[in-house]
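Here is a short note for a colleague opening this entry. Please read the points with the model in view.

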Amino acid sequence: MTRSLREAALADRAGLITRHPRVFAADHRGRALTLVILAGLVGLMLFGGLRFDFSLARLGSGLAQLATFVGLMLPPTPGSLARFVVYLHALAETLAIAFLGTLTAALVALPVGFLAAKNVVPGRLFHFGIRRGLDVFRGVDVLIWALVWINVVGLGPFAGILAMATADFGAFGKLFSEAIEAADRKPVEGVASAGGSPLHGVRFGLLPQVLPVMASQILYYLESNTRSATIIGVVGAGGIGLHLYEQIRTFEWQQVAFLVLMILVTVAVIDFVSARLRFLMIGRAEPPA
Amino acid sequence: MAPALTRLPDAELARLAAAYRAAVAARRRQTLLFLAVLAVLVLAAARVGEVDPARFAANLPRFTHYIRDLVPPLTWANLGADLAEWFWGWKSWGRQLLDTLLIAYMGTLAGAAGAFCLAFLASANLVRSRAVLFATRRFLEFCRTVPEIVFALVFVVAFGLGPMPGVLAVAVHTLGALGKLFAEVVENIDMKPVEGVSATGATWVGTVRFAVVPQVLPNFASCALLRFEINVRSAAVMGFVGAGGIGQDLLEAVRKFYYTDVSAILVMIILTVSAIDLATEVLRHRLIGWSGER
């Protein structure tokens, strides 16, 4: 080939433009809209930067500080064997918080999920009320729930478990009710036509359909809760977060790096195990949509 | 009943019934084993987690008291004044809430911009170099796995107290989370436009600009909006570690046992979060509808 397509097209540029005017016409309206949206986005960003005292000097000195911190983090070390044991225990606490919190939330949310499903309990007002109620639990961050529960059961991982359970109860209630609403009605009708009671219909028609979906969602939340449980200690609700908070406050950067590494490894292990379990259960590894 | 119903020979029936019973028994054994493992795990976790039902039961009245104390004294006769008394600090709380929204907005936009640049480098269908893929993906994973609060704690030390470290912490975490989502969107695109554009001799950047970006932009925007929703929630607790927003006021009210202040701030947070949820949902539906039309 002596002439590439590109060269041929470039040679006939004027001809192409006259033959296909619509393709080459500038889209002025679209461009103006894009510009306005971009200007709005950037403008708000600039306003925020001014309001929050962003400055290049501050950014520069902060970044320089960060670089020194990273330098001080090497090599990561727990300090002493005794501290390492303490950290391991805190990590176990973190896992316990995530596990028990998720499980409790799922158990409590299961009946509520049935109640909130349109096809199990009809009634628009009831449905609306229960959904908004779940939203209240969901809308408050787990750290805030931890603060509330600390006032009730005192400092420690127990408060963390309760906080995790409260925050996830809302999320599970919503997800479960959606899973139940998406279930196929035919198996339930089949059970009813074979002479089963409504309870039989739920047990043999509905539950086998929704249980794998729910289990997969629970595992997905277990993963995300492992991440949240690592920081719940910042407010005193147990787990490795408390140690992380203390070490950052006292500038023990080597120990900070070690703790972060411990968290990263734990999260990776939990993700791996949970992905395998999910795959075994429903034959796919992605989180449910 | 239908007389045509045939009955299997007894031997055949017995064999099938036995097989059925064996299959059910195997499933039961599996379920029992699973429940046993679960029970052991629960007991172990309960021990480590200092679960104490007795303390829980003994302190449950405190929980109800706490909830009761959170409820402000509202009377029908004097509702307006009571509400004004409950939300006495609404001006400063409102300002803090707007700051929280601004932190979430700036963090989301900055993080999304960074993720936009990195996502193409983390997509296996656009980048052939395994080293680049590996490095970008691990970097995104790090940003996503370290919790925002930890970044905020470190940034507060480096940049000083205030909303700025909060914005940066949200931005870094968003970069990691959105980078992964964006890369997944990019990996699912139709490759024909990419082939078409690269066949004209376009550079890599040109290919991405004209073949990839038009396909993924609506999806990117939808993901970023969803992330904004999440970031509003996390920006609300940034104040716990001194990184700006409403969290500071909330923490102070909780620590000092100003019960009605706690509930007033919580109500304001919940209302704001719900409003943002509704608004982004409408926007996202319009975005996806808009992309469907084209």
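Which residues form a nonpolar patch on the surface?

1. **The patch.** V265(A), V269(A), F272(A), V273(A), L277(A), L280(A) and M281(A) form it, with about 690 Å² of accessible area together. Patches are made of residues with over 30% relative accessible area and no salt bridge; like charges are joined within 9 Å, and nonpolar side chains (Val, Leu, Ile, Met, Phe, Trp, Tyr) within 5 Å. Areas come from the Shrake-Rupley method with a 1.4 Å probe, and for residues only the protein chains shown count as cover. L280(A) sits in helix α13 (residues 253–282) of chain A. L280(A) is exposed, at a relative accessible area of 70%. Here buried means under 20% relative accessible area, exposed over 50%, and partly exposed in between (1.4 Å probe, protein chains only).

2. **Ground rules.** This is a predicted model: local features need pLDDT of at least 70, side-chain atom pairs count only at pLDDT 80 or more, and totals for chains, interfaces and linings use all residues. Residues are numbered from 1 along each chain as its sequence is written, chains are lettered from A and ligands numbered from 1 in the order in which they are written, and side-chain values use heavy atoms, leaving out hydrogens and water.

3. **Domains of chain A.** The assignment gives domain 1 (5–54) and domain 2 (81–282). Such bounds come from an automatic or database domain assignment. The C-alpha centres of the two domains lie 45 Å apart. UniProt, in an unreviewed entry, lists "domain: ABC transmembrane type-1" at residues 91–274 of chain A. UniProt positions follow the numbering used here, feature names are shortened, and annotations may be inferred rather than shown by experiment. Residues 91–274 of chain A are 82% helix and 0% strand, with end C-alpha atoms 18 Å apart. Helices (H or I, at least four residues) and strands (E, at least two) are DSSP runs, numbered from the N terminus.

4. An unreviewed UniProt entry places "transmembrane region" at residues 31–49, 102–128, 149–172 and 257–279 of chain B. Residues 31–49 of chain B are 95% helix and 0% strand, and their end C-alpha atoms are 26 Å apart. Residues 257–279 of chain B are 91% helix and 0% strand, with 34 Å between the end C-alpha atoms.

5. **Salt bridges in chain A.** The structure holds 13 salt bridges over all chains. Each is a side-chain nitrogen of Lys or Arg within 4 Å of a carboxyl oxygen of Asp or Glu. One joins D12(A) to R19(A), with the closest N and O atoms 2.5 Å apart. D12(A) is partly exposed, at 34%. Another pairs R131(A) with E181(A) at 3.3 Å. That pair links distant parts of the chain, from helix α7 (residues 124–139) to helix α9 (residues 157–181) of chain A, 50 residues apart. R131(A) is buried at 14%, while E181(A) is partly exposed at 25%.

6. **A pair in chain B.** E187(B) forms a salt bridge with R137(B), the closest N and O atoms being 2.8 Å apart. This pair links distant parts too: E187(B) lies in helix α7 (residues 163–187) of chain B and R137(B) in helix α5 (residues 130–145) of chain B, 50 residues apart. E187(B) is partly exposed at 32%. R137(B) is partly exposed at 33%.

7. **Helix α7(B).** Of its 25 residues, 20 are buried, so α7(B) is largely enclosed by the rest of the structure.

8. **Around α12(A).** In helix α12 (residues 241–249) of chain A, the buried residues include H243(A), L244(A) and Y245(A). Just after α12(A), F251(A) takes a positive phi of about 60°.
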